[in-house]
Amino acid sequence: MRVTTTVNGTERTADDVWPGESLLHLLRERLGLPGAKNACEQGECGSCTVYLDGEPVCACLVAAGQAVGREVTTVEGLAPGQSLHPVQEAFVEAGAVQCGFCTPGLVVAAHDLLARVPEPSDPEIREALAGNLCRCTGYEKILDAVRLAARRRATR
Amino acid sequence: MTTAQTAARTTGRIGENAQRPDGTLKVTGEFAYASDLWHDDMVWGVTLRSPHPHARIRRIDVTEALTVPGVSAVLTADDVPGENAFGLEHADQPVLAAEFVRYEGEPVALVAADHPETARRAAARIRVDYEVLPALTDARRALDDDAPLVHPGGNLVRHLRLRRGAERPTAPVVVSLDFEVGMQDQAFLGPESGLAVPAEDGGVDLYVATQWLHVDQRQICLALGMPPEKVRLTLAGVGGAFGGREDLSVHVHACLLALRTGRPVKMSYGREESFHGHVHRHPATMTYEFGAECDGTLVYARAHVLLDGGAYASSTAAVVGNAGTLGLGPYRFPSVAVDAYGVFTHNPPCGAMRGFGCVQAAFAHEALMDELAAAVGVDPVEIRRRNGVQEGDRNITGQVIDSAAPVAELLQRVADLPLPPALPEQPDLRDLPGAVGNTTHGEGVRRGVGYSVTYKNVGFSEGFDDYSTARVRLQVTGGEAVATVHTAAAEVGQGLVTVQQQIARTELGVEQVVVVPADTAVGSAGSTSASRQTYVTGGAVKAACEAVRTAVLQRAAIALGRPVAGLALDGDKVVGAGGEVLAGLADVLGDDAVEETVEWRHRPTHAVDPETGQGDAHVQFAFSAHRAVVDVDTELGLVKVVALDTAQDVGKAINPDAVVGQIHGGSAQGMGLALMEEVVVTDGHVRNPSFTDYLLPTVLDVPPMRVEVLEYADPHAPYGVRGVGEPPTISSGPAVAAAVRAACGKPLRRVPIRPEHITCT
């Protein structure tokens with residue numbers, strides 16, 4: 001089938017999409033956007049988190065066909081061109097990135113949290129990121145990164 | 001809102017918090033992991049795996065699979081051109097099962113097709129006629145006379161026998177216990193993946209996520225029947241490893257399909273296949289006995305450790321080596337009798353995972369130290385302080401610990417950290433065991449505190465030739481001095497790329513350091529394992545930089561007519577002893593590049609005596625201590641870890657932030673094994689191969705973690721570094737288990753601790 005969807009502000013079309021394909025597969029294998037990651041493919045790890053019409057979703061649980069006519073934003077689309085969003089900047093600076101496989105999903109989840117709650121408490125951060133597994137960091141520096149990004153937003 | 005992109009160009013010398021050169025790519029989604037690789041005309045490879053833990057293969061019929069439109073190849077054991085065998089220490093594992101399958105999930109056939117779903121459907125049409133055979137799935141039966149044989153040579157992989165001191169020691173206080181540790185999964189997030197591209201010379205180029213390119217290359221060459229120059233490997237982006245990428249996964253399979261189809265082949269496991277596609281941490285059954293004086297001073301230890309190696313050898317022999325030589329913890333024992341066994345079963349193969357044999361043993365020896373403390377009436381910190389090794393002591397293999405061994409200080413450091421406040425009268429649900437499950441408002445909740453201390457060998461042991469190779473080039477490009485570092489060392493997330501840059505900046509005085517992709521075009525760097533790369537590849541990079549610096553300064557000395565002795569490099573300049581500028585580097589080098597390649601070795605280790613286990617088996621020891629604080633809902637058996645604090649001696653923190661990050665992550669993995677992580681295997685079948693059913697700690701499970709970093713330089717190591725990655729994974733779990741025991745008063749002789757163990761229901 002043909003899938004036409006808006007990804008990071010640009011209308012994109014893919015042909016011969018198998019109906020069983022996930023939005024994650026569409027993005028990664030057909031549209032050249034491998035930023036969303038394929039760690040569990042059953043909605044447990046959050047590595048594939050993207051926005052679908054402004055709502056964060058696990059792209060592995062969304063059928064490609066469900067994205068038809070809707071707007072998808074991936075980690076590649078959070079900041080224009082070569083620039084970094086403050087959340088991305090904070091993840092680098094705080095040492096929240098090790099292997100980095102969880103990072104795109106966590107960046108999108110943190111981006112969503114700060115858009116809703118500009119100055120989150122620690123329990124609020126933990127609750128918001130509870131759907132994103134990280135195996136390397138023990139989460140401490142990820143929490144640091146979210147706190148840093150929140151402070152930066154507050155002062156700008 | 002956006003800001004200007006931080007350039008991937010970073011700064012920082014050793015001891016500074018240099019940022020990762022790959023950090024920007026990783027936060028923007030541009031970093032190319034192995035599963036992101038893509039080639040214009042590539043096809044997808046999938047694996048058909050055995051559903052049985054033990055069976056004879058009577059016949060394989062691929063006819064129907066070949067008729068599926070879009071399928072370009074179906075391969076079985078008959079299609080392996082070289083030796084149908086691989087393995088880290090012994091080539092005992094078939095690339096594709098031929099006559100027998102020996103564990104559930106063993107690869108049997110391969111399919112290449114134009115879409116992964118097509119390949120999976122075709123694989124489902126391969127007809128394998130199995131004769132199911134009795135399976136040996138209880139490691140405790142493996143050495144019985146009537147046990148089914150997993151391999152013709154018997155079911156013993158290794159027995160390490162260790163004897164020291166008195167033959168029949170006695171002591172006024174004797175404590176003993178049995179302990180079991182479940183099977184833990186590395187659960188790296190990036191699934192096993194690779195892209196094999198057939199080359200014009202008849203060889204193949206493989207881009208793959210791995211921990212040691214050259215040991216992969218050796219095994220692939222054996223299976224393909226090709227020389228190393230025809231099998232070239234490049235490290236693809238690695239999404240975590242933790243030991244689970246030491247053994248081959250997609251490697252040979254992708255190459256076989258690429259060579260057969262003449263097209264690039266991508267393979268990438270889903271999570272369920274990943275659980276079957278890599279080795280796990282050995283489950284352990286242990287019996288320990290300690291004898292002590294009435295004041296708690298240890299007199300002797302007896303230990304029996306049984307590790308279930310599963311169906312193939314993998315690194316079981318080396319894991320047994322660690323469980324035996326290090327399996328009593330960092331304590332002084334005048335007399336010791338240890339027997340550590342690794343055995344074959346028809347369970348999933350087990351091998352390397354962070355902590356490597358020390359993790360299992362630590363649960364037993366730390367639980368027993370707490371028993372001893374209770375028996376002689378001292379507290380858990382004091383019993384460890386009283387018996388902890390010190391620099392200059394001999395450990396249980398008779399090896400002198402010849403650098404810092406700060407057991408007592410590490411314990412004191414964590415003991416001195418403030419304890420978290422008690423739960424308030426009306427606690428926030430999120431701070432309670434069960435959290436927003438609303439299972440308690442504080443009633444039935446008891447707090448417990450537990451301590452643990454450990455030590456771990458750094459680098460490969462028992463006489464292994466454990467070297468690394470580094471190639472460093474210095475040249476002036478666009479008026480700026482640029483150093484290029486080339487090694488085959490695998491960056492798996494730990495930050496070795498950053499460390500390499502920091503070392504080159506320090507040694508060559510340059511700012512701009514490029515670390516080129518790791519590949520087999522340069523000599524082996526050894527494995528990214530055993531907490532060894534900062535030490536060994538760091539040592540190689542340092543040595544190569546020193547060679548480059550010497551060569552450049554010799555040129556400068558000739559050009560300037562001055563002795564080499566007073567010259568140094570500083571950025572783009574050659575300077576004198578007082579820092580005065582004597583020449584531009586460009587004036588000395590012109591368009592030339594100075595390049596040196598160095599193979600670097602740490603001091604040798606030695607095999608242990610086969611009868612007594614005595615010998616200088618290890619090159620370095622790394623120590624850490626943990627204190628865990630937990631709240632336990634004693635009625636429901638739910639645990640909330642409140643704090644998990646570490647003190648660790650790292651010798652020299654090349655990158656302090658990255659060191660702390662390693663300790664955080666390692667601590668969380670140890671906590672996971674104590675409380676939730678287990679690959680459940682019954683009758684040889686994995687029951688929970690998914691992240692829905694295999695529980696990993698989330699950000700709600702892991703508590704705030706304070707880290708005290710000590711830097712007692714090891715005089716034998718480059719910059720005094722000590723391996724960092726593994727010790728926290730060893731000591732955190734036993735501290736958590738001890739804290740749960742302290743809270744609920746139950747003996748808890750098995751991990752992961754389940755609710756029913758706490759409630760005894």
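## Close-up views of cavities, cores and a covered helix

**View 1. The second largest cavity, in a predicted model.** About 70 Å³ of space lies in the second largest cavity (a cavity being a set of points, on a 1 Å grid over the protein atoms alone, where a 1.4 Å probe fits but cannot get out, with lining residues having an atom within 4 Å of a point; a volume is the space filled by probe spheres set on the points, which are joined across faces, edges and corners). This is a predicted model, in which local features need pLDDT of at least 70 and side-chain atom pairs count only at pLDDT 80 or more, whereas totals for chains, interfaces and linings use all residues. Side-chain values use heavy atoms, without hydrogens and water, residues are numbered from 1 along each chain as its sequence is written, and chains are lettered from A in the order in which they are written. Residues that line the second largest cavity include A:Cys134, A:Arg135, A:Tyr139, B:Gln669 and B:Leu696.

**View 2. The largest cavity and B:Leu248.** The largest cavity, with a volume of about 200 Å³, is lined by 17 residues, of which B:Phe86, B:Gln93, B:Tyr103, B:Leu248 and B:Gly277 lie nearest its centre. B:Leu248 is placed in the loop between β11 (231-235) and α5 (251-261) of chain B, where helices (H or I, at least four residues) and strands (E, at least two) are DSSP runs numbered from the N terminus. B:Leu248 counts as buried because its relative accessibility is 7% (buried means under 20% relative accessible area, with a 1.4 Å probe and protein chains only). Leaving out residues up to four places away in sequence, B:Leu248 touches B:Phe86, B:Asp216, B:Gln219 and B:Gly277, contact meaning heavy atoms within 4.5 Å.

**View 3. The largest nonpolar core.** This core has 140 residues, and those with the most contacts inside it are A:Phe91, B:Tyr288, B:Phe290, B:Leu328, B:Val736 and B:Val740 (a nonpolar core is a set of buried Ala, Val, Leu, Ile, Met, Phe, Trp, Tyr and Cys residues joined through side-chain atoms within 4.5 Å). Helix α8 (residues 358-376) of chain B gives the most to this core, with 12 residues.

**View 4. Helix α2 of chain A.** Helix α2 (residues 86-93) of chain A is mostly covered, with 7 of its 8 residues buried, among them A:Glu89 and A:Phe91. These buried residues pack against α3 (103-116) and α5 (140-155) of chain A, together with α1 (23-28) of chain B.

Note on methods:
Buried < 20%, exposed > 50% of the residue type's maximum accessible area, 1.4 Å probe, protein only. 1 Å grid on protein atoms, 1.4 Å probe; cavity = no way out; pocket = protein on both sides within 12 Å on 5 of 7 lines; lining within 4 Å.
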